[in-house]
Every structure is written in structure tokens, then in C-alpha cells.
Amino acid sequence: MAKSCPISTFFIIISVLSHFTSRIGLRPWADALPLERQSLDNASRLRVDPDAIRMASRDFGKLVHLPNPAAVLYPCSIEDIASLVKFSYNLSSPFSIAARGRGHCHSGQAMAPHGVVVEMRSLNDCSRGSGIRVTKNSILGSYADVGGEHSSYGVLKATVKHGLAPVSWTDYLYLTVGGVLSNGGISGQTFRRGPPISNVYEMDVLTGKGELVTCSEDTNSKLFFAVLGGLGQFGIITRARIVLEPAPKRVKWIHMLYHDFSAFSRDQEHLISINGLDYLEGSLFLHNCPPNNWRSSFSPSDYPRISSLISKKGIIYCLEVVKYYDDLTSHTVDEVSDFNSGVFRDILPKINQTTGPIHVYPMIRNKWDDRMSAVTPDEDIFYAIGLLHSSGADDWKPLENQNKEILQFCDKAGIKIKLYLSRYTTKEDWMKHFGPKWKTFEDRKAQFDPKIILSPGQRIFNSI
């Protein structure tokens with residue numbers, strides 16, 4: 001039996017993408033919804049047609065099978081969304097509402113069975129959302145006020161024009177700002193700058209009561225900290241004030257390949273402990289992972305050499321580092337290997353099918369604000385492991401079984417984990433996930449969404 005890891009516990013990002021469809025279902029209140037359209041902006045649309053319903057009944061994972069929403073709102077203003085939430089809140093039997101950005105979920109988190117899905121990106125089409133406004137302030141520094149419907153890529157593109165960039169963002173830039181801040185956000189910058197949720201000055205949030213509230217660390221702070229990493233349970237983020245810094249003009253990007261996990265993890269933990277690097281991320285190359293799925297970019301001329309190493313060693317570890325040309329200092333930290341021997345070398349190679357990218361991010365806990373809803377392992381240093389597998393409609397079960405085997409291994413080995421992008425289905429599992437934060441999480445729900453209207457797809461306070 002593998003021993004417990006005292007220093008490195010894990011966020012595990014497990015994603016299996018497959019193909020399913022849903023059935024349509026309506027609640028009695030659905031007939032009243034068309035009457036509410038008259039209070040919406042003329043350009044807004046509350047749709048119940050099959051095409052709209054079908055699109056809102058699927059997410060990126062295509063793995064879950066939930067009842068369809070009764071309607072889909074394509075808003076043209078924040079007021080349109082507020083009208084919908086207030087309408088539901090004032091009913092004796094409210095319907096559920098889910099804000100959908102890019103739909104980049106894997107287990108139905110942005111779905112609203114029998115309820116209404118709000119297509120947040122529709123605000124972009126109307127140009128009536130919060131937009132993207134860049135400000136240079138002598139006190140706060142530089143920041144961008146960004147509509148929750150905008151993608152991280154859009155924010156980066158807009159800020160770079162001013163010679164600025166967000167202090168922290170996610171590796172995948174085509175997620176909406178609202179979606180990222182509702183979960184946390186992870187990238188190779190997180191060890192140095194903290195996650196995106198630690199780099200927000202202020203937000204406008206539409207609560208489950210239909211109230212639009214401006215909140216920050218100093219104003220309406222309970223709502224502010226509740227929403228950050230709150231999985232959409234307390235409000236819909238309609239605007240966020242994001243911290244910016246000067247965009248680097250040039251960077252040095254280096255790849256280092258390892259066949260020994262101890263050396264790989266030792267160097268990762270050493271590099272995050274010194275002051276100098278601006279980005280650090282690890283990844284794995286397996287024998288069944290083709291070059292186009294490798295996380296790092298290499299010249300095609302390097303493929304044969306790397307593939308040969310993978311054939312000889314079974315697994316090759318890649319360390320990706322970025323430097324904005326600063327000096328380095330150093331001290332050391334401990335190494336870990338239980339997860340490597342139990343999962344990377346034992347469980348993952350069992351399945352003889354193509355895998356997706358596998359990420360390994362070292363994290364420092366004090367970069368995460370414990371007042372927020374997001375939960376992390378308790379140790380000072382922990383890892384985020386991203387197993388981003390994909391499959392077709394008929395071959396997803398082996399990968400799903402592999403996910404379960406990994407979780408069982410961690411439990412037996414005494415490796416403490418937290419699931420990022422969690423997909424629990426019982427209140428008991430969510431209580432265990434949030435641990436000491438559960439009571440606060442529950443109290444915040446009662447305060448900001450007392451009728452349990454928002455984000456039903458998470459299945460925290462409601463059963464589906």
C-alpha cells in the first residue's frame with residue numbers, strides 16, 4: 001500500500017467527453033413565460049423552439065442525460081436577465097435558471113432541467129452588456145471592467161492594445177469570465193500570481209432574488225467572496241473588475257523533458273519556491289498519446305526523438321517554464337511520488353486507446369484566499385492534475401471506470417484530494433467536498449438564493 005503524501009495533495013480535473021441527448025420536459029409555469037416577453041428588450045428572445053432547446057441541453061462533455069430546459073433566454077441587457085430571475089423568484093413554485101457561457105462543462109453543470117437557460121453570450125450580439133473597459137488608476141493600478149459574457153481571449157486581446165494583460169488567467173482562453181470566476185481558474189501562472197479569483201477587485205452580481213449588487217472585498221463582501229469559486233450558486237456575474245499588469249514584450253519559453261518522476265517533481269517544487277519564473281506547467285506524454293495531443297508545442301523534427309523516448313521509458317514528463325527575463329534565487333522543497341507510481345505508471349497505461357492532454361500544475365496554497373467559496377487541499381504545496389481525455393459515443397465507459405479507479409486509489413493510499421469542476425450528485429458528497437466551509441456555503445445560499453433558483457446543474461441543493 002502506498003504511503004500517505006504529507007506535502008502534496010491534489011486537485012484532480014477529470015473530464016471524459018462523450019455523446020448523449022436529452023428529453024424535453026415542461027413545468028406548468030412554462031405557459032406563462034411567453035407573457036413575460038413583453039417586459040424584455042425588443043431584441044431579446046425567449047425561445048422554446050427545438051433548435052434552441054437542443055443547444056441548451058448539451059454541454060462540452062455530452063456525458064450526462066438530463067431533462068431539457070423549458071425555454072432559453074437570449075438576453076440583450078442585464079435588465080432582461082434580472083426580469084427573468086425576479087419573475088421566477090416571485091412565483092409560488094419558482095423555476096430554475098442556469099447562466100451558460102461557452103457551455104464548457106462536462107457533467108451538465110450549466111443545464112437547467114425544466115427551467116430556463118440564459119445564453120450569456122447573447123449580450124455580445126446586442127452590444128448591450130458590460131463590454132470591456134480598460135482603466136489606469138493611480139491608486140488601484142490598471143484594471144479592466146469586463147462583462148461576464150466575454151471570453152478570456154477577448155479580454156486579453158482588448159488589454160494588450162493598451163500594453164497590459166490580466167495578472168492571471170486560465171490556460172484555455174475561450175471560457176467566459178463569469179464561468180472562470182464561478183469556478184476558480186487554473187494555469188501555469190497560478191503558483192506565482194494566484195488563480196483568477198484572487199485577482200478581482202470588484203463585481204456586479206445578479207442574485208437569486210433578482211437584485212443587481214456591486215460587491216468587493218470592502219463592499220457587500222459576503223456576496224463577493226461567496227461568488228468567487230461559488231459554482232454559480234449565489235449569483236450571475238455580469239461584470240468583473242480584473243487586475244492588469246504591463247504585458248511582457250518578450251519571454252523565454254523552455255521545455256525540459258524527464259523520464260524520472262522524482263527529478264521532475266523535485267524541479268517543479270523547487271522552481272515554484274524561488275522568485276523569478278512567471279509560468280510553470282508540467283505535462284505527461286504516454287505511448288497512446290499522439291503528438292497532436294501533447295500539451296507543449298514542439299517542432300515536427302523533434303517528434304521521432306521524443307516518440308523514441310516514450311517507447312523506451314513508457315512515460316515522458318515535460319516541464320514548461322516561461323521567464324520574463326528576471327534573476328532567480330533558490331531554496332528547496334520536498335518531493336512526492338505516490339501519485340506517479342499509482343496513477344501515472346499503473347492505472348493510466350492500462351487503457352489501450354488514445355488519451356488527451358495530461359497536465360500537472362504545482363500550486364501554493366497561500367495564493368488562494370480562504371474567504372472565497374473555492375476549496376483547496378490543506379497542504380502548503382499541492383498539485384492540480386488534469387486528465388483531459390476524450391472519447392466517442394461508444395468507448396467512454398473505460399475512461400469513466402478509470403476515473404473511478406483513480407479516486408479509489410487515492411482513497412486507499414491516503415492521498416487527500418479535491419475534485420476541481422466537481423460533479424457530485426448527493427448533498428453528503430458536497431458537504432465532504434467543502435468540509436469546514438460547508439456551513440458558510442449553506443448560509444450564503446440561504447441569504448443570496450433562498451429559493452434555490454440558480455445553477456441547478458451543480459446538484460448541490462437540489463436533486464434532478
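A residue counts as buried when its relative accessible area is under 20%. The exercises below use a predicted model.

**Exercise 1.** What kind of aromatic pair do phenylalanine 87 and phenylalanine 95 form, and are these residues buried or exposed?

*Solution.* Step 1: the ring centres of phenylalanine 87 and phenylalanine 95 are 6.0 Å apart, and the planes make an angle of 55 degrees. Step 2: planes under 30 degrees apart would be stacked and over 60 edge-to-face, so the pair is tilted. Step 3: phenylalanine 87 has a relative accessible area of 18%, which means that it is buried. Step 4: phenylalanine 95, at 1%, is buried as well.

**Exercise 2.** Which parts of the chain does the pair of tryptophan 368 and phenylalanine 382 tie together?

*Solution.* Step 1: the two rings form a tilted pair, 6.4 Å centre to centre, with 55 degrees between the planes. Step 2: tryptophan 368 is in the loop between β15 (358-364) and β16 (381-388), while phenylalanine 382 belongs to strand β16, so the pair links parts 14 residues apart in sequence. Step 3: tryptophan 368 is buried at 10% relative accessibility, and phenylalanine 382 is buried at 0%.

**Exercise 3.** How many aromatic pairs does the model hold, and which residues form one aromatic cluster?

*Solution.* Step 1: with ring centres within 6.5 Å as the cut-off, the count is 18 aromatic pairs. Step 2: one cluster is made up of Phe234, Tyr424, Trp430, Phe434, Trp438, Phe441 and Phe461.

**Exercise 4.** Which residue lies over the face of tyrosine 89?

*Solution.* The residue is lysine 451, at 4.6 Å from the ring centre of tyrosine 89.

Technical notes: Residues numbered from 1 in each chain as written. Predicted model: local features only at pLDDT ≥ 70, side-chain atom pairs only at ≥ 80, totals over all residues. Heavy atoms only, no water. Buried < 20%, exposed > 50% of the residue type's maximum accessible area, 1.4 Å probe, protein only. Helix = DSSP H or I, 4+ residues; strand = E, 2+ residues; numbered from the N terminus. Lys NZ or Arg CZ within 6 Å of the ring centre and 35° of its normal.
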